[in-house]
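I am opening my notebook on this structure and will write down, entry by entry, what I looked up.

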Amino acid sequence: MGNNGTKNNKGGVAPLKIGLGIIGFGTVGQGVWKHLAATKKNMEVRMNVKIELIGVCVRDPNKTRAVKIPRTQIHTAPNDIVDDPRVNIVCELMGGTTLAREVTLRALRMGKVVISANKALICEHGAEIFKAVSEYGGQYLFEASVAGGIPIIKSLREGLVANRFSEIAGIINGTCNYLLTRMEKEGLSYETVLQDARRLGYVEADESLDLDGIDAYHKAVILAFLAHGKWIPRRNTLVEGIRNVTLEDIQRARDFGYRIKHLAVIRRNFAKGLMTLGVYPALIPLDKVLARVDDVYNGISLTGDVVGTTTLVGRGAGQDATASAVIGDIVDAIRTLKGASLKFLTREDLDSYAALGSTVRMASQEEIHTSFYLRFLLRDTHGVSAEVYRILAEEKISVARVVQYENPGTRHGTHTLSTYPVTEAAMERALRKFRRLRNVLDRPLVLRIFAPGN
Ligand code: NAP
Ligand code: HSE
């Protein structure tokens with residue numbers, strides 16, 4: 001596909017025409033065109049190309065949009081964009097996993113470049129899509145799919161390629177972080193902050209993806225594949241969202257010396273050939289960098305055997321940060337279309353990922369050790385704490401710290417405690433037993449305590 005443009009009649013090389021099609025002209029799609037239009041001239045001069053927006057595709061062509069383009073360039077059938085011979089780069093920014101998959105595979109089978117921000121699609125169909133890239137010689141670039149404006153995909157593929165990663169831990173859902181931060185700092189309710197997150201374009205069309213941890217799981221799966229060569233199915237992971245975390249929990253975590261953040265944690269023990277992947281709200285010690293990553297920012301700490309620990313922080317969601325990542329991919333795509341050998345997902349790349357993934361298995365619940373924070377609502381009666389401690393002892397769960405709070409005007413108290421590391425399996429058994437206690441009101445809240453390397 002390399003093409004450096006043709007000679008013009010003045011003896012110079014005429015700019016190569018690059019045709020761009022954008023499928024999905026919502027928050028991200030409009031952001032890409034808005035910023036690209038502003039920087040296009042400069043990019044065209046630097047790369048000696050002419051970038052043309054051939055068309056966009058939307059569901060409702062009559063919707064009023066902040067970014068205006070001529071009506072003749074607005075389509076409603078994605079194939080009008082994909083099949084147009086003038087389009088070399090297809091930006092799939094529509095979301096979803098059904099039509100988006102069809103459109104992506106169709107474009108790749110034509111040998112075109114597809115640029116995507118669609119982590120759900122990559123998580124579910126990445127293996128099929130990557131295979132199509134290697135078979136048909138197109139390109140698939142997806143920097144915007146994880147951590148918004150942070151170049152984490154490029155870092156894993158390029159800058160940090162010398163490393164084997166024992167731990168990748170990060171805040172990779174901007175909406176959850178925005179919610180937890182503003183609840184904590186401004187004492188606002190979950191619903192109030194969620195409305196702002198929607199208005200700012202952070203939240204997925206299906207917002208349960210954000211709130212129930214699924215979006216972070218999708219992103220963690222992509223990182224795990226790039227770092228460890230393995231597509232990790234949901235059944236082998238722990239996926240929890242933030243719906244059960246209250247303002248009170250956030251404040252009480254502070255009393256223990258922690259902040260609550262929604263984390264994705266991918267660990268690999270190279271000696272034992274074991275791996276874990278979990279996304280969940282966790283208590284992070286106040287002195288850790290990730291504890292200070294606030295608002296819509298994402299932060300990812302990668303611990304590699306060569307580099308040590310590196311943390312990348314930046315805006316994780318929203319129009320501008322995401323557009324920045326997509327435009328970075330557009331520039332890489334143009335360089336490849338001009339003949340540079342930046343190809344990724346070649347047959348050799350896929351073989352090397354397969355080799356990396358073949359030497360590891362997912363750890364069982366008995367093999368994962370974590371410290372926990374528990375919050376119980378206990379009936380105000382004698383012997384109730386003893387019942388809780390009897391169960392903890394039965395499961396060999398050792399308590400590190402305890403704080404009790406009275407709830408004035410009620411006949412119950414809140415009992416919080418932290419534990420030393422125990423297996424996930426032991427904690428699960430203890431929780432089943434707690435549920436049978438009459439004096440434990442409501443389900444105890446269980447949060448993991450993040451300690452690097454545990
Ligand atoms: P959005 O604002 O809802 O935009 C989606 C766009 O796709 C809309 O223009 C919509 O058309 C169009 N569309 C949806 N279904 C379609 C169909 N069947 N046929 C034609 N057009 C269709 O979503 P977004 O926030 O831009 O997100 C787009 C993608 O980027 C998603 O994969 C998302 O996960 C990912 N992403 C988003 C962010 C973020 O901060 N928002 C960050 C990183 C990645 P209408 O406008 O007519 O409805
Ligand atoms: N809804 C996602 C988030 C968008 O809040 O992180 C960025 O991927």
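**Entry on Asp295.** I looked up Asp295 and found that it is partly exposed, because its relative accessible area is 32%; buried means under 20% relative accessible area, exposed means over 50%, and partly exposed lies in between, with a 1.4 Å probe and protein chains only. Asp295 sits in the loop between strand 10 and strand 11, where helices (H or I, at least four residues) and strands (E, at least two) are DSSP runs numbered from the N terminus. The phi of Asp295 is near 55°, a positive value in a residue other than glycine. I noted beside this that most residues other than glycine have a negative phi.

**Entry on how to read the model.** This is a predicted model, in which local features need pLDDT of at least 70 and side-chain atom pairs count only at pLDDT 80 or more, while totals for chains, interfaces and linings use all residues. Residues are numbered from 1 along each chain as its sequence is written, chains are lettered from A and ligands numbered from 1 in the order in which they are written, and side-chain values use heavy atoms, with hydrogens and water left out.

**Entry on Asp442.** I then turned to Asp442, which has a positive phi of about 70° although it is not a glycine. Asp442 belongs to strand 18 (residues 440-449), and I wrote it down as exposed because its relative accessible area is 63%.

**Entry on Val289.** Val289 lies in the loop between strand 10 (274-285) and strand 11 (297-304), and it counts as partly exposed because its relative accessibility is 42%. Together with Tyr297 and Val313, Val289 forms a nonpolar patch on the surface, with about 230 Å² of accessible area for the three together. Patches are made of residues with over 30% relative accessible area and no salt bridge, like charges being joined within 9 Å and nonpolar side chains (Val, Leu, Ile, Met, Phe, Trp, Tyr) within 5 Å. Accessible areas come from the Shrake-Rupley method with a 1.4 Å probe, and for residues only the protein chains shown count as cover.

**Entry on Gly304.** Is Gly304 buried or exposed? Gly304 is buried, because its relative accessible area is 8%, and its place is in strand 11. Leaving aside residues up to four places away in sequence, Gly304 touches Asn163, Arg164 and Phe165, where contact means heavy atoms within 4.5 Å. I also looked up Ile168, which is 136 residues from Gly304 along the chain, with 8.7 Å between their C-alpha atoms.

Glu44 is in helix 1 (residues 27-47) and counts as buried because its relative accessibility is 8%. A polar atom of the Glu44 side chain lies 2.7 Å from the backbone nitrogen of Ile51; a polar contact is a pair of N or O atoms within 3.5 Å, and within protein one must be able to donate a hydrogen and the other to accept it, while residues adjacent in sequence count only if both atoms are side-chain atoms. The side chain of Glu44 also meets that of Lys50 in a salt bridge (3.9 Å, N to O), which is a side-chain nitrogen of Lys or Arg within 4 Å of a carboxyl oxygen of Asp or Glu. Lys50 is partly exposed, because its relative accessible area is 36%.

How many salt bridges does the count come to by this rule? The count comes to 37 salt bridges. One of them that I looked up joins the side chains of Asp320 and Lys34 (3.6 Å, N to O). Asp320 lies in helix 11 (residues 319-337) and Lys34 in helix 1, so the pair ties together parts that are 286 residues apart in sequence.

**Entry on ligand 2.** The residues around ligand 2 include Lys119, Asn173, Tyr202 and Asp210, a residue being near a molecule or strand if one of its heavy atoms lies within 4 Å of it. An oxygen atom of ligand 2 is 2.5 Å from an N or O atom in the side chain of Lys119, and a nitrogen atom of ligand 2 is 2.7 Å from a polar backbone atom of Tyr202. A polar side-chain atom of Asp210 lies 2.8 Å from a nitrogen atom of ligand 2. Taken alone, ligand 2 exposes 260 Å², of which the protein buries 93%.
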